[in-house]
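Trainee: I would like to go through a protein model with you, one question at a time. Please show it first.

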Amino acid sequence: MPHDEPENARAIPYDQAREAVLDMARRVALLHMSYARTLVDALGEERGRALIESAIRAYGTRIGERTRAKVEALGLEPEPHNFARGSDLPPLAFPSEAVTVDGERRSRSESCVLADVWREYGEEALGSLYCGVDPAKMEAYNPEWTMVHTHKMPDGDACCEMAIRRRRAEEPD
């Protein structure tokens, strides 16, 4: 149904939009934590963690495949420097900056809304399994590359920091 109001009349203030995005991210954190805790409680630590890691890898693979499709639809090659062009990760919830550490370009974030939720519940260890989404999505986007966490807030680090690195030939998919 068409609207009679002008397009810009439906715009919401930045702070309101950011809070809505953060609320959705908090819900994702709660969902992951709840599923993870349920699996570990039902299957035991080792089997539960293995199943969580498998599910997160599958999730990351789907994200990477979708990112690749978006990048290719733009007529671009699925190279690391084009990843952000197809990414659906909202910068309102996950702000980051490019940094160089020991000559390597990395992405650094001083805040993680997901880690904040997991910390609130004392579930940082299970929460950090979610971070496996990052290497999985990069490897599905382009199997020649992976994303490595050099720092992770759920593990007690002051920031999250990631590097995109070429995969070694002996690394499994």
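**Reading the model**

Mentor: At 63% relative accessibility, Pro-91 counts as exposed, where exposed means over 50% relative accessible area, buried under 20% and partly exposed in between (1.4 Å probe, protein chains only). This is a predicted model, in which local features need pLDDT of at least 70, side-chain atom pairs count only at pLDDT 80 or more, and totals for chains, interfaces and linings use all residues. Residues are numbered from 1 along each chain as its sequence is written, and side-chain values use heavy atoms, with hydrogens and water left out.

Trainee: Where is Pro-91 found?

Mentor: Helices (H or I, at least four residues) and strands (E, at least two) are DSSP runs, numbered from the N terminus. The C-alpha atom of Pro-91 is separated by 9.4 Å from that of Val-21, 70 residues apart along the chain. Pro-91 itself is found in the loop between α3 and β1.

Trainee: Is Glu-104 buried or exposed?

Mentor: Glu-104 is found in strand β2. Leaving aside neighbours within four places in sequence, Glu-104 is in contact (heavy atoms within 4.5 Å) with Val-99, Ala-163 and Arg-165. Its relative accessible area is 19%, so Glu-104 is buried.

Trainee: How many aromatic pairs are there?

Mentor: A pair of aromatic rings is described by the distance of the centres and the angle of the planes. Rings of Phe, Tyr and Trp (its six-membered ring) pair if their centres lie within 6.5 Å; planes under 30 degrees apart count as stacked, over 60 as edge-to-face and the rest as tilted. By this rule, the aromatic pairs number three.

Trainee: Is the pair of Tyr-59 and Tyr-130 tilted or edge-to-face?

Mentor: Tyr-59 and Tyr-130 have ring centres 5.8 Å apart and planes at 50 degrees, so the pair is tilted. Tyr-59 lies in helix α2 (residues 45-73) and Tyr-130 in the loop between α5 (124-127) and α6 (133-141), so the pair ties together parts that are 71 residues apart in sequence. Tyr-59 is partly exposed at 35% relative accessible area, whereas Tyr-130 is buried at 12%. To end on the class you asked for, the pair is tilted.

Trainee: And which class does the pair of Phe-83 and Tyr-141 belong to?

Mentor: The ring centres of Phe-83 and Tyr-141 are 4.9 Å apart and the planes stand at 85 degrees, so the pair is edge-to-face. The pair links distant parts of the chain, with Phe-83 in helix α3 (residues 83-86) and Tyr-141 in helix α6, 58 residues apart. Phe-83 and Tyr-141 are both buried. The class is edge-to-face.

Trainee: Which residues do ring pairs link into a cluster?

Mentor: The tilted pair of Tyr-59 and Tyr-130 has already come up. Ring pairs link these two and one more residue into a cluster: Tyr-59, Tyr-130 and Trp-118.

Trainee: What covers the buried residues of α2?

Mentor: Helix α2 has 29 residues and reaches 42 Å from its first C-alpha to its last, close to the 42 Å expected, the expected span being 1.5 Å times one less than the number of residues. Its buried residues include Gly-48, Ile-52, Ile-56 and Gly-60. Gly-75, whose phi is positive, near 80 degrees, follows α2. The cover of the buried residues includes α1 (14-43), α3, α5 and α6.

Trainee: Which element gives the most to the lining of the second largest pocket?

Mentor: On a 1 Å grid over the protein atoms alone, a cavity is a set of points where a 1.4 Å probe fits but cannot get out, and a pocket is an open set with protein on both sides within 12 Å along at least five of seven lines; lining residues have an atom within 4 Å of a point. The second largest pocket has a volume of about 270 Å³, a volume being the space filled by probe spheres set on grid points, which are joined across faces, edges and corners. Among its lining residues are His-32, Tyr-59 and Tyr-130. With six residues, the element that gives the most is α1.

Trainee: How much space lies in the largest cavity?

Mentor: The structure holds one cavity of 30 Å³ or more. Its lining is made by Ile-63, Arg-66, Thr-67, Lys-70, Gly-86 and Asp-88, and the largest share, four residues, comes from α2. The space in the largest cavity is about 30 Å³.
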